[in-house]
Amino acid sequence: HWMNTSDHKAIQISPSGSWEQPRKRSLWTTKNKRKGTRARRFRAFWNICTRLFKTVSPLLFVAFLFLSSQHTWHLLTTSSFFGLRTFHYEGSTALPKAALKKYLKLQEGDNLLAMNLQQMASQIKAHPRVKAVRIKRKFPCTLKVKVITHEPVAVLHLDQPYLMNQSGIPFARVHSKKETRGLLRIRGFEQYGREARDGRLQSV
């Protein structure tokens, strides 16, 4: 309890009933409170920074891996260590090795890792005489290509003579009489010459 005396000084009555002067706040207590406030603010700021780092660090790590892999891949695909020096070809005389290299525009020194094998296989399959193809890298400097060509069983006479496979599909024009030796000749389909030229003649 507090009472005002005649000299206008506040006097505190203790629970025991004695009269006490109010205690003044010391400078030391004020400084401690200020330090406590600063410490709490610093801890709050540190917690925010910690949470932000935990959120951003995985993204930074992924970005670092991506850039590192891009740089490494560039070095590998431009290195002369993986340059083409040996070309193994297994195929038919219908598609000679030299013609295949020219068809694919292969040159010595081309980087094996930079080659798109799927695209190369599609280019080879587009050749009318090719039935199937298999391409394989053998590091550090070898490329293997295996080509299976259509086997002609007959010559189909349209507007021009065409070689025909076992499925009855005309797959390529006759380039020389040597190709037609011993083959059955089929006539009477000359009216389908345009379909054969356009690739619309599926089978006979």
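**A loop residue to start with**

Modeller: Happy to! Threonine 180 sits in the loop between strand 9 (170-173) and strand 10 (184-186). Keep in mind that this is a predicted model.

Colleague: Is threonine 180 buried or exposed?

Modeller: Threonine 180 is buried, because its relative accessible area is 8%, and buried means under 20%.

Colleague: And what is threonine 180 in contact with, leaving aside its neighbours within four places in sequence?

Modeller: Setting those neighbours aside, threonine 180 is in contact with Val155, Val174 and Arg185.

Colleague: Let's zoom out. How many helices and strands are there in the protein chain?

Modeller: The protein chain has four helices and ten strands. Reading from the N terminus, the elements run β-β-β-α-β-α-α-β-β-β-β-β-β-α.

Colleague: What share of the residues is buried?

Modeller: Of the 204 residues in the protein chain, 25% are buried. As for contacts with a separation of 6 or more, 48% of them come from residues 24 or more positions apart.

Colleague: Now the helices. At what angle do helix 2 and helix 3 pack?

Modeller: Helix 2 (residues 97-104) and helix 3 (residues 117-125) pack at an angle of about 120 degrees, and their axes are 10 Å apart. That angle is why helix 2 counts as oblique to helix 3.

Colleague: Is the crossing left-handed or right-handed?

Modeller: Helix 2 passes helix 3 in a right-handed crossing.

Colleague: Which residues meet there, in helix 2 and helix 3?

Modeller: From helix 2 there are Leu100, Tyr103 and Leu104, and they meet Met120, Gln123 and Ile124 in helix 3. Sorted by class, this contact has five nonpolar residues, one polar residue and no charged ones.

Colleague: What comes in the loop between helix 2 and helix 3?

Modeller: Lysine 105 is one of the residues in that loop. Its phi is near 60 degrees, a positive value in a residue other than glycine. Lysine 105 is exposed, because its relative accessible area is 70%.

Colleague: Where is isoleucine 135 found?

Modeller: Isoleucine 135 belongs to strand 5 (residues 130-138). With 15% relative accessibility, isoleucine 135 counts as buried. The C-alpha atoms of isoleucine 135 and lysine 146 are 6.4 Å apart in space, with the two residues eleven apart in sequence.

Colleague: What follows in the loop between strand 5 and strand 6?

Modeller: Proline 140 lies in that loop, and strand 6 covers 142-149. A cis peptide bond joins phenylalanine 139 and proline 140, with omega about 15 degrees.

Colleague: Which residues touch glycine 83, not counting residues up to four places away in sequence?

Modeller: Glycine 83 touches Gly109, Asp110, Asn111, Pro140 and Cys141.

Colleague: Where is glycine 83 found?

Modeller: Glycine 83 is in the loop between helix 1 (27-77) and strand 4 (86-90). At 2% relative accessibility, glycine 83 counts as buried. From glycine 83 to glycine 109 is 4.2 Å in space, C-alpha to C-alpha, and the two are 26 residues apart in sequence.

Colleague: You mentioned a cysteine. How many disulfides does a search of the whole structure find?

Modeller: It finds zero disulfides. As a reminder, a disulfide is a covalent bond between the sulfur atoms of two cysteines.

Colleague: Last one: where does arginine 173 lie?

Modeller: Arginine 173 lies in strand 9. Arginine 173 is partly exposed, with a relative accessible area of 36%. The C-alpha atoms of arginine 173 and proline 161 are separated by 6.1 Å, and the residues are twelve apart along the chain.

Methods
Residues numbered from 1 in each chain as written. Predicted model: local features only at pLDDT ≥ 70, side-chain atom pairs only at ≥ 80, totals over all residues. Heavy atoms only, no water. Axes fitted to C-alpha atoms, helices over the stretch in contact; angles between N-to-C directions. Helix = DSSP H or I, 4+ residues; strand = E, 2+ residues; numbered from the N terminus. Parallel < 35°, antiparallel > 145°, perpendicular 65-115°, else oblique. Left-handed = near helix turned anticlockwise from the far one by under 90°. Contact = heavy atoms within 4.5 Å. Nonpolar A, V, L, I, M, F, W, Y, C, P; charged D, E, K, R; others polar. Disulfide = S-S within 2.5 Å. Buried < 20%, exposed > 50% of the residue type's maximum accessible area, 1.4 Å probe, protein only.
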